[in-house]
Amino acid sequence: MKEAMTRYERIEAAWNLKEPDRVPSDPLNCYILAYQGGISIREMFTDPKKLVEATVRARKKIGEGDQVDPNVTTLDHFSLWPKSGWDRVTLHWKIQEDFPPKGNIPSFFEKCMIEDYDDVMERGFSTLLFNKKIGKDMFERSIDDILYYAFEYPKIYAEAWRKYVEEYQVPLLMGGRGCTPLDLLQYYRGITNLVRDVFERPEKVKEVCEWLLDYEVILAMREAMIMGAGEVPGAEKILWVNGGPPGMSPDIFEEFFWPTAKKGADIMVKRGFKVDCHWDNDLTPHLDTLKGITKGLPKGKVMLDLEKTDMKKAKEVLGDKVCLYGNVPSSLLVYGTVKDVEEHCKKLIEDCAEGGGFILSTECETPWNAKPENVRAIIDAAIKYGQYRR
Amino acid sequence: MGKIADALAAIDKDSALSAVKDAIQRNEDPLGLIEELRLGLELVGDNFEKGKYFLFQLIMAGEIFKDASALIVPKIRERYGSVRKRGKFLIGTVAGDIHDLGKNIVATLLECAGFEVVDLGVDVPADVFVEKIKEHKPQIAGMSGLLTASIDQMEKTIEALEQAGLGEEVKVIVGGGIVGEKWVKGKIRADAATTSAVEGVKIAESYIRGR
């Protein structure tokens, strides 16, 4: 059935709090694209052509949502300049060969990569980037290999996705990705150390967050430019992850997470990008603070992509301010039935879709081991229950 | 309730440690000081369960407890020779999963509650759980996981314990956000499942009391 809007128009309408022809659907498919497309994790990280081909095959199996995740998470893993060392810190610079992957991306496990904030602010990330404990392969690779992944690979990567978007008319979910400063500190310090820092040296935590911010947003915007921001539909969007460490009280969220998270979004929007706040955990206690996410910004430039947050409450508090995106549970996609998924999506649409400003999606991401028919059920539900105009 | 418990309940590290140091100076019974810390931590747990405190406060309370214990435990050894443990708890994140945030919080709270904790770390295969349970003979084993794939792995690990004849020897508690989701319930045959570190510790305490 031919639909009244293109995928990009549908997504744009939702971002602008308008009613599209129907609720857009976009299961946030990452690893599952490689798994269902029949390639290994290593190929996903090193061969953009294979990744794009796998994406085409996977979407035939699991359904064709209104956007596609170009998996830019994989783009700079072999670069010399990953964003703030985040990739190395979270993955220990280890690309797993094949499914099943150990852990997830990012994988939170306690470690302390930064002992001394002042030292890092003084000398930068060199000790993280060239660190045999984190990434000994950096010392085993040839100079040609390092140069290839730094300069040639991003161009090949971006070109592969540009062709995909042109051929299949599916906009990208994002062109770049950046990490909010407090999230970065969790990865660098481990949550226990970060909690101690927040209680024992709060001003230092704030100072480091400010220090991290510029570096991170500059590299996120650079990535989006490489991916074709302004030319390739969707590449102008930056996924601004991950909503901070879990379990912040409202006062800690407001004092430590929010200032630089909001400032980062503002910087990117003012430079012409759009910001997809991909914020995990249950942010229901922080909805009042989140009301400020669009403050001072033009309409349609920011979206809240929520994981465990109560979407009905989010719609009530934020529905007139910002587009919401989410949040079919991962466990439902793995262990539930098509009927369960359909019912859950119907409820989400009833709770969130009125008046526009809602994109039906998954929690953080679709698990790689989700049942294909369950992922497809999300897309079917948006068509069945999400029509705005008959 | 004394100053130590009050300060811990208020997540006030400086006051808590200062009160502990003063009490040690006055040569108070160190076992009483530990009990007071536990009382303070219980209040933190209550406030957590009521939604007044969040994970950040819970973690910080555990850290204050550890810092205070470091001052008190040498005094217990001086006076009583050893520190009696309430029970032994073996814990690990199951194979294929390397998330350890929840596991670490539970381990800290268990230590604060007086358990000896054997932490196997992350990505622990079923046969390692079996081997280490035989070696350490804990009363309780905790299996942690965040990923959907961890559910199957928890079940496999429990099967391995049963096949090794350990099913009756050790109580199994599974934990992590994923085990509380309604589509997962009934898929793991553990003695208990919980998404809350505070509840996990209470369950462990109830098992020890019931023995």
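Guide: Let's start at A:Leu304. Leaving aside its neighbours within four places in sequence, A:Leu304 is in contact with A:Cys277, A:Trp279, A:Leu290, A:Ile293, A:Leu318, A:Val322, A:Leu324 and A:Tyr325 (contact: C-beta atoms, placed from the backbone, within 7 Å). Keep in mind that this is a predicted model, where local features need pLDDT of at least 70, side-chain atom pairs count only at pLDDT 80 or more, and totals for chains, interfaces and linings use all residues. Residues are numbered from 1 along each chain as its sequence is written, while chains are lettered from A and ligands numbered from 1 in the order in which they are written.

A:Leu304 belongs to the largest nonpolar core, which has 183 residues (a core: buried Ala, Val, Leu, Ile, Met, Phe, Trp, Tyr and Cys residues joined through C-beta atoms within 7 Å). A:Leu304 is among the residues with the most contacts inside this core, along with A:Ile238, A:Leu324, A:Leu360, A:Ile378, B:Ile4 and B:Leu8. Domain 1 (3-80) and domain 2 (87-209) of chain B both give residues to the core, so it lies between them (the bounds come from an automatic or database domain assignment).

Back in chain A, A:Thr362 is found in strand E7 (residues 358-362) (strands, E, of at least two residues and helices, H or I, of at least four are DSSP runs, numbered from the N terminus). A:Thr362 counts as buried because it has 27 C-beta neighbours inside 10 Å (buried: 20 or more other C-beta atoms within 10 Å; exposed: 12 or fewer; partly exposed in between; C-beta atoms are placed from the backbone). Not counting residues up to four places away in sequence, A:Thr362 touches A:Pro27, A:Leu28, A:Asn327, A:Val328, A:Ser330 and A:Leu333. Chain A as a whole has 18 helices and seven strands, and 54% of its 390 residues count as buried.

Now to where the chains meet: 29 residues of chain A are in contact with 25 residues of chain B. On the side of chain A that touches chain B, helix H11 (191-200) and helix H16 (330-335) each supply at least two residues. The largest share of that side, six residues, comes from H11(A). Its residues divide into 15 nonpolar, 10 polar and four charged (Ala, Val, Leu, Ile, Met, Phe, Trp, Tyr, Cys and Pro are nonpolar, Asp, Glu, Lys and Arg charged, and the others, Gly among them, polar).

Over in chain B, the C-alpha centres of domain 1 and domain 2 lie 26 Å apart. The contact between them takes 10 residues from domain 1 and seven residues from domain 2. In domain 1, helix H3 (30-49) and helix H4 (55-80) each supply at least two residues of the side that touches domain 2.

One last stop is helix H6 (residues 126-136) of chain B, where B:Ala126, B:Phe129 and B:Ile133 are buried. Seen down the axis of H6(B), the buried residues fall within an arc of 55 degrees, so they line one face of the helix (the arc is that of the directions from the helix axis to the C-beta atoms). On the other side of H6(B), B:Asp127 and B:Glu135 are exposed. The cover over the buried residues of H6(B) includes strand E1 (87-93), strand E3 (140-144) and helix H7 (149-163) of chain B. Just after H6(B), B:Lys137 takes a positive phi of about 50 degrees.

Conventions: Two residues are in contact if their C-beta atoms, placed from the backbone, lie within 7 Å.
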